[in-house]
2 protein chains.
Amino acid sequence: MAEMNASHKCATCPTRHKTEWSGLSEAELAAIEKVKSARYYEPGEVLFHQGDANDGVYCIQDGLVGSRYVDAEGNSALLQLANAGTTIGYRSFLTKLPHGSSAEILSPSFVCFIRSSALSKLLIANPQIGERFLQHAIKDMEDIEIRLARSLLGNLRNKFLHVIMVFYQQNGYRDKNNNPIVELPIKRTDIAEMIGSKPESISRVISDIEKKGLLKFDHRRVHITNMDAILYEVGITL
Amino acid sequence: MAEMNASHKCATCPTRHKTEWSGLSEAELAAIEKVKSARYYEPGEVLFHQGDANDGVYCIQDGLVGSRYVDAEGNSALLQLANAGTTIGYRSFLTKLPHGSSAEILSPSFVCFIRSSALSKLLIANPQIGERFLQHAIKDMEDIEIRLARSLLGNLRNKFLHVIMVFYQQNGYRDKNNNPIVELPIKRTDIAEMIGSKPESISRVISDIEKKGLLKFDHRRVHITNMDAILYEVGITL
DNA sequence: ATTGCACATTGACTTTTGTCATGCAGACGA
DNA sequence: TCGTCTGCATGACAAAAGTCAATGTGCAAT
């Protein structure tokens, strides 16, 4: 993932169809092409910091980016993960307020950047991009609302299983024996920060879940050995 | 609050300036007036149920409405509170998906209703209403994101104090001696459901907080006796 | 191959929160 | 005024999760 291609033009971007920039004309793409910049990022790099003013939006062509919130005591939480095809930073672009959380590279990523001033012009010329931002906002909102509901209602084990299943929906595959497998894109500490917990507790939950035969962990590779039980426990709704 | 007035026309609605319907022309208001219905609700009544299809949006003229999510085991959580001037149900109107949570009356309320079919026509004729929904969505999102962050990072006491301070910002006032006071609009059990806890734990947190001299509880009336300490503990940011 | 390092696990213990049972007080209708 | 009901508080105990310390493990650089 995220290896350097020959070119990174929007017109040939493999993930553009999943973004707010799908369905634009050749001329519009060319306009974006002229004002955008793009580069490869290493894990740990930061696209923008919590509290910074908005300078534009970032479109993730490949990789994984987390939005991390740090409170006054220095405790941090991962509020959201954004993968290929996701545009981030649009919220503070629209509100003109500072970023509420940092955007931190979690996996090697290739990310494009469109400066606010250029984006404002694009929005005036193409009102349908605004409509796409509304759709995006609503999708994000449902996502966050589910997280909130689970964080209010579930125990550690339930929340952890949910995270695993979300990763499975995004990245999961089946091996030659048709057994479901998912590679976790982030480390234990970050999983803990997604559900408001600590890495030690994650370890304990993992060994408990393995003992019960629901999952089998091999470092970041997870074999889902009892899908039904997990789906039942996680709950189908929401 | 929420007593029956002589009339409940949008044109004279005291809370309209806070809603998506502000800034509409006389003719547009008259159009809404023709298609809307409105009535008074008692606590416990439900505007729509989790899982129901969307039939329109509800505009709260006066009172308090909570969106309650219930999981498979029957545990419930209050995800959001909506007070006067707030329009709810717009999300599933826009996505055409079922409601993710119920809307339950928490205080006596007067609520207007605009059917989907009529609202669709209004939106076509008045694109700026769509823009207002985007603003509303973003505001809701920031609200939920704060809740999520606190729910991931904070302990019970911190989350409880935050809820109190939110109520204070909305409803708080000062007595003759200039001491800050807030009347809690909901009971302990519902506060517990807002922060993923139980009423007994809320009681304990309250007696602890009283012992420390931060707040003084008289049933639902709360005297804020050490504002600085509370603001420090809750944290100014986000 | 060896060392160093970041990540992960495990154990012992503490703290926080939930659970269950009980009692009390204010609100309301008969 | 009397019972009844709901909300609230408290005590005793159980369960869940965090903390601190020690140890293990794979990986990369030398």
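**View 1. Where chain B's H7 meets DNA strand D.** Helix H7(B) provides the largest share of the surface near DNA strand D, namely 4 residues. This view, like the others here, comes from a predicted model. Which elements each supply at least two residues of the surface near DNA strand D? They are helix H7 (199-211) of chain A, along with helix H6 (188-194) and helix H7 (199-211) of chain B. Sorted by class, the surface near DNA strand D has 8 polar, 7 charged and 1 nonpolar residues.

**View 2. The residues nearest to DNA strand D.** There are 16 residues around DNA strand D, and the ones that come nearest are Leu156(A), Ser201(A), Arg204(A), Lys187(B) and Ser203(B). In one, a side-chain N or O atom of Ser201(A) is 2.5 Å from a phosphate oxygen. In another, the side chain of Ser203(B) places an N or O atom 2.7 Å from a phosphate oxygen. Leu156(A) uses its backbone instead: a polar backbone atom of this residue is 2.7 Å from a phosphate oxygen of DNA strand D.

**View 3. The residues around DNA strand C.** Of the atoms of DNA strand C that come within 4 Å of the protein, sugar and phosphate account for 59%. How far is a phosphate oxygen of DNA strand C from an N or O atom in the side chain of Lys187(A)? The distance is 2.7 Å. For the side chain of Ser203(A), an N or O atom is 2.8 Å from a phosphate oxygen of DNA strand C. Chain B takes part too, with a polar side-chain atom of Ser197(B) lying 2.9 Å from a phosphate oxygen of DNA strand C. Two or more residues of the surface near DNA strand C come from each of helix H6 (188-194) and H7 of chain A, and H7 of chain B. H7(A) gives the most, with 4 residues. By class, the surface near DNA strand C has 7 charged, 8 polar and 1 nonpolar residues.

**View 4. Helix H4 of chain A beside helix H4 of chain B.** Here, helix H4 (residues 127-153) of each chain packs against its counterpart at an angle of about 25°, with the axes 9 Å apart. Because the angle is under 35 degrees, H4(A) is roughly parallel to H4(B). The crossing is left-handed. Residues making the contact include Phe133(A), Leu134(A), Met141(A) and Ile144(A) of H4(A), and Phe133(B), Leu134(B), Met141(B) and Ile144(B) of H4(B). In this contact, 14 residues are nonpolar, 4 polar and 6 charged.

**View 5. Helices H5 and H8 crossing within chain A.** The axes of helix H5 (residues 156-171) and helix H8 (residues 227-234) of chain A come within 9 Å and cross at roughly 120°. That angle makes H5(A) oblique to H8(A). H5(A) passes H8(A) in a left-handed crossing. On the H5(A) side, look for Arg157(A), Asn158(A), Leu161(A), His162(A), Met165(A) and Tyr168(A). They meet Met227(A), Ile230(A), Leu231(A), Glu233(A) and Val234(A) in H8(A). The contact of H5(A) with H8(A) has 7 nonpolar, 2 polar and 2 charged residues.

Conventions: Residues numbered from 1 in each chain as written. Chains lettered and ligands numbered in written order. Predicted model: local features only at pLDDT ≥ 70, side-chain atom pairs only at ≥ 80, totals over all residues. Heavy atoms only, no water. Axes fitted to C-alpha atoms, helices over the stretch in contact; angles between N-to-C directions. Parallel < 35°, antiparallel > 145°, perpendicular 65-115°, else oblique. Left-handed = near helix turned anticlockwise from the far one by under 90°. Contact = heavy atoms within 4.5 Å. Nonpolar A, V, L, I, M, F, W, Y, C, P; charged D, E, K, R; others polar. Near = heavy atom within 4 Å. Polar contact = N/O pair within 3.5 Å; in protein donor to acceptor, adjacent residues only side chain to side chain.
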